[in-house]
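Hi,

Here is the structure I said I would pass on.

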Amino acid sequence: CGILSAMTALCNYGLLLLILLAAVPLHAGEDKTPLLLSAGNGDITAVRQLLNAGEDVNQTGFADYTALMEAAYYGQTDCLRILLAAGADANRTDAFDCSALSYAALRGHTECVRLLLSAPGIELDRKDRDGETPLFKACRSGQKECVRLLLSTPGIDINTRNHMGESAFIVASRYADTLALFRPFSDSLRLTEDDWEMYGPL
């Protein structure tokens with residue numbers, strides 16, 4: 001009985017630990033500078049003060065994460081705007097080769113995506129270590145409005161493929177309403193025979 005009780009307690013502890021870990025935000029508490037923390041928290045005053053004090057707008061923390069990525073991930077549009085105006089590199093990537101645009105698209109922060117798309121020289125099709133662009137990230141997480149916005153951006157490549165050989169269209173196929181956004185571009189889609197057999201015409 002003692003052993004059984006101990007095992008039950010241990011299982012309950014393990015379950016609690018998993019729940020707690022799942023609730024912890026990305027990179028929380030791991031080598032974040034005051035600028036990164038302020039950007040992620042949407043503290044406009046602190047971000048301005050730190051930049052005025054000479055903090056490097058492109059400084060990095062854990063996994064080469066920048067303040068711009070932090071603001072994009074958490075949807076802090078005002079902080080994003082301030083950082084871009086201060087010269088933040090919108091095309092910089094972290095240790096996973098993800099850009100701020102990828103994080104904003106993944107999380108469905110439409111206004112952040114819109115703002116980043118207006119940044120001079122923004123690379124629409126910058127790929128992460130899985131070979132996925134911001135459009136892939138929006139499709140994979142079912143962020144319909146971000147997908148719509150990205151698809152409407154001139155110059156975006158809708159046919160590029162990730163390391164698994166998938167296109168953004170294929171990734172979007174798990175969400176009917178997201179997939180439907182590709183319908184106006186059906187003539188531009190390049191599908192292989194395997195793609196066509198599996199997904200057919202739009």
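Before the notes, one term: two residues are in contact when they have heavy atoms within 4.5 Å of each other. Also bear in mind that this is a predicted model.

Let me start with Thr 178, which sits in helix 11, residues 176-179. Is Thr 178 buried or exposed? Its relative accessibility is 0%, so Thr 178 counts as buried. And what does Thr 178 touch, leaving aside its neighbours within four places in sequence? The contacts are Cys 139, Gly 142, Lys 144, Val 147 and Ala 172.

Next, helix 2, which runs over residues 34-41. Its buried residues are Leu 35, Leu 36, Ser 38, Ala 39 and Gly 40. The cover over them includes helix 3 (44-52), helix 4 (67-73) and helix 5 (77-85). After helix 2 comes Gly 42, and its phi is positive, near 75°.

Helix 4 turns up again in the core. The largest nonpolar core counts 55 residues, and helix 4 gives the most to it, with six. As background, nonpolar side chains tend to be buried together in soluble globular proteins.

Now the charged side chains. How many salt bridges does a search of the whole structure find? It finds nine, and here are some of them.

- Glu 111 and Arg 114 meet at 3.4 Å, N to O. Both are in helix 7 (residues 110-117), three residues apart, which is about one turn of the helix. Glu 111 is partly exposed, at 45% relative accessible area, and Arg 114 is partly exposed too, at 41%.
- Arg 126 pairs with Glu 123, and their closest N and O atoms are 2.7 Å apart. Arg 126 has a relative accessible area of 24%, so it is partly exposed; Glu 123, with 33%, is also partly exposed.
- Arg 140 pairs with Glu 132, with 2.4 Å between the closest N and O atoms. Here Arg 140 is partly exposed at 27%, whereas Glu 132 is buried, with a relative accessible area of 4%.

That last pair belongs to a network of salt bridges linking Asp 128, Glu 132, Lys 137, Arg 140 and Glu 166.

Cheers

Conventions
Residues numbered from 1 in each chain as written. Predicted model: local features only at pLDDT ≥ 70, side-chain atom pairs only at ≥ 80, totals over all residues. Heavy atoms only, no water. Helix = DSSP H or I, 4+ residues; strand = E, 2+ residues; numbered from the N terminus. Buried < 20%, exposed > 50% of the residue type's maximum accessible area, 1.4 Å probe, protein only. Core = buried A, V, L, I, M, F, W, Y, C linked by side-chain atoms within 4.5 Å. Salt bridge = Lys/Arg side-chain N within 4 Å of Asp/Glu carboxyl O.
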